Amino acid sequence: MHLDHADTYPPRHTYGATGLHRPDGTRRALRIGLGGPVGSGKTATVAALCRALRDRLSLAVVTNDIYTREDAEFLLRNAVLPPERITAVETGACPHTAIRDDISANLEAVEELEETVGPLDLILVESGGDNLTATFSKGLVDAQVFVIDVAGGDDIPRKGGPGVTTADLLVVNKTDLAPYVGSDLARMARDAEAQRGELPVAFTSLVAEDGVRPIADWVNARLAAWTAAPA
Amino acid sequence: MPTNETPPTPGDARAPAADGRPADGPDRARQWSPVGGAPGGVGALLVLADGRFPAGGHAHSGGAEAAVAAGRVHDAASLEAFCRGRLHTAGLTAAGLAAAAAAGLDPLALDDAADARTPSSALRATARRLGRQLMRAARATWPSPELDALAAARPRGAHQPVVLGLTARAAGLGPPDAAYAAGYEAVSGPATAAVRLLSLDPFDATAVLARLAPELDQVVARAADAARRALDEGPGALPAASAPLLDIAAEQHATWSVRLFAS
C-alpha cells in the first residue's frame with residue numbers, strides 16, 4: 001500500500017457546536033466519507049466495515065439516500081449497528097450537493113450522533129450513489145474513500161475524475177466478478193497508479209471471508225493517525 | 001433595485017440636480033440602495049439570498065413535491081399559481097418575521113410568534129431544522145454576538161425566518177432586505193424543486209419567478225410595514241397569513257417513505 005496525502009489532517013473548522021475537540025480535550029470522532037457510482041458496493045462496504053470494527057470502536061453511520069431511506073434501512077435490517085447509530089440525510093435529488101456544496105444537513109447529522117450516542121471513535125458518511133465527479137467537502141469529512149467496481153468497466157481508473165484521482169483511498173470492489181465481465185485487474189491497478197501516484201488503492205471482494213480487511217486496515221491506520229495528531 | 005413600491009427617501013433623492021442631470025453624491029447612492037437604505041449593501045443581500053448559500057434549502061421543495069404528486073403543479077402556469085399563493089401566505093408571514101428580527105425585535109419572542117403561525121408540526125420541525133442549518137452558515141459568514149446568543153438559547157434551532165432576519169441584521173442589512181430574502185426564498189425553492197420534479201424547462205421556471213417579482217416587492221413592503229409597527233405593538237402586529245393546503249400536504253408528505261425532498 002502506498003503513502004497517503006502528506007498533510008493528512010489539515011486544520012478545519014466547521015462552525016458547529018463542536019470543533020476538533022470535545023469539551024474534555026480529546027479529539028472528536030474521525031469522519032470518513034464513502035462515495036462512488038450507484039451499485040459499486042458503498043452500502044455493502046459500510047456494513048462490512050461496521051461488522052469488522054464495531055467490537056473495538058464506537059461507530060455511527062450517516063447515509064445520504066437519493067430518494068428513499070433504503071440504504072439506512074439496509075443497514076438496520078442487517079443489524080450492523082443499533083438503530084440509534086444510523087441516521088439518514090435527505091438530499092433533494094442532489095446527493096453531491098449534500099456532501100460537497102451545502103454540507104449543513106450532514107454536519108447536523110454528524111453532530112447529533114456525537115451528542116446522542118457519543119463519544120464516538122469513527123463516523124462513516126455514505127454518499128448517495130452518484131457519478132465520477134462526486135467528492136466530499138473537507139468541511140464535512142476528514143478523509144474520503146471512493147468505491148468503484150470491476151463490473152462498471154475496467155476503464156474507469158483510466159478515465160480519472162475527481163473521485164478516482166483525489167480520494168484518500170480508492171476501492172476497486174467485486175474483484176470476484178472480474179473474470180465474468182472481462183475486466184483486467186492488472187490494467188485497473190496500473191491506470192489507478194497513473195492517476196493517483198502514491199495514493200493507496202484497495203482491491204476487494206466483499207463476498208470473500210473477511211473481504212473488507214484491506215479497507216478496515218486502512219481505516220484503522222487513519223484512526224491511529226487521527227488520535228495521535230497534535231491537539 | 002428601485003421599484004414602484006419603493007417609498008421616497010428623505011430629501012427626495014430622486015429629484016434631479018438643477019442642471020437636469022441625475023442627483024450625484026450621497027443622495028444618488030441612496031437612490032440606488034434597497035428600500036431600507038440599510039448600512040449593509042446590495043452585495044450582502046445577494047450573498048444571503050443566493051440559492052447556493054449553504055444553509056440546507058436545496059433539499060426542501062417548499063411543498064412543491066406534495067403539490068406535484070397531487071397534480072396541482074404540473075406545468076409552468078400551475079407552478080406560478082402555486083408560488084403566488086405561497087408568496088402571499090407562508091412567504092408574507094416569513095417575510096414579516098424576518099423583517100422584525102432584522103429590526104431588532106427579541107428573536108425569542110419572534111420564535112414563539114413563528115410557532116403560533118405554523119400549525120403543522122411537520123413544518124415547525126422543518127423550520128427549526130433549516131433555522132439551525134442557516135445558523136451554522138450565518139455564524140461562519142457574518143459572526144455576531146446576537147447570532148451566538150440565539151444559537152445558545154435555541155440549540156435545536158430557531159424558526160428559519162427568525163434566523164434569516166437576524167442574519168440579515170448581522171450582515172448590516174435592514175428589515176426590507178431581510179423580507180426580500182425570505183420572500184424570494186418562498187418562491188425560488190418551489191421553482192427549483194419543480195425543475196427537478198417535473199423536468200420543467202428551467203427557463204420557464206425562472207420566467208415564473210421574474211413575473212412574480214413585482215408581487216414580491218409588494219409583499220416586502222407589507223412585511224416591512226408590519227415589522228415597523230411590531231416595534232411598538234409587539235409580534236402580534238406581524239402578518240399571520242396561512243395556507244391550509246400547504247399545511248395539510250406537508251403533514252402527508254412527512255409520512256412518505258419515498259421522496260426526493262425533505263419537505
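These are my notebook entries on what I looked up in a predicted model.

**Ground rules.** I count residues from 1 along each chain as its sequence is written, with chains lettered from A and ligands numbered from 1 in the order in which they are written. Since the model is predicted, local features need pLDDT of at least 70 and side-chain atom pairs count only at pLDDT 80 or more, while totals for chains, interfaces and linings use all residues.

**Entry 1, chain A as a whole.** I found nine helices and seven strands in chain A; these are DSSP runs numbered from the N terminus, helices being H or I with at least four residues and strands being E with at least two. I then looked up the span of the C-alpha trace, which is about 50 × 40 × 35 Å along the principal axes. The radius of gyration of chain A is 17 Å, which agrees with the value near 17 Å for a compact globule with 231 residues; it is taken over C-alpha atoms, and the globule rule is 2.2 Å times the number of residues to the power 0.38. Buried residues make up 50% of the 231 residues in chain A, where buried means 20 or more other C-beta atoms within 10 Å of the residue's own, exposed means 12 or fewer, partly exposed lies in between, and C-beta atoms are placed from the backbone.

I placed Gly36(A) in the loop between β1 (30-35) and α1 (42-53) of chain A, whereas Lys42(A) lies in helix α1. Is Gly36(A) buried or exposed? Gly36(A) is buried, because 30 other C-beta atoms lie within 10 Å, and Lys42(A) is buried with 28. Not counting residues up to four places away in sequence, Gly36(A) touches Lys42(A) and Val147(A), among others, a contact meaning C-beta atoms, placed from the backbone, within 7 Å. With neighbours within four places in sequence left aside, the contacts of Lys42(A) include Leu34(A), Glu126(A) and Gly129(A).

I followed α1(A) to helix α9 (residues 213-228) of chain A: their axes come within 10 Å and cross at roughly 65 degrees, the axes being lines fitted to C-alpha atoms over the stretch in contact, with angles from 0 to 180 degrees between N-to-C directions. The contact is made by Thr45(A), Leu49(A), Ala52(A) and Leu53(A) of α1(A) and by Ile215(A), Ala216(A) and Val219(A) of α9(A).

A cis peptide bond joins Gly118(A) and Pro119(A), with omega about 0 degrees, and Pro119(A) lies in the loop between α4 and β4 (122-126) of chain A. I also noted Lys174(A), a residue other than glycine with a positive phi near 65 degrees, in the loop between β6 (169-173) and α7 (178-181). Asp210(A), not a glycine either, has a positive phi of about 55 degrees and lies in the loop between β7 (201-203) and α9 of chain A. Lys174(A) counts as buried because it has 25 C-beta neighbours inside 10 Å, while Asp210(A) counts as exposed because it has 11.

I read off 19 residues from chain A and 20 residues from chain B in the contact. The largest share of the side of chain A that touches chain B, four residues, comes from α4(A).

How values were computed. Two residues are in contact if their C-beta atoms, placed from the backbone, lie within 7 Å.
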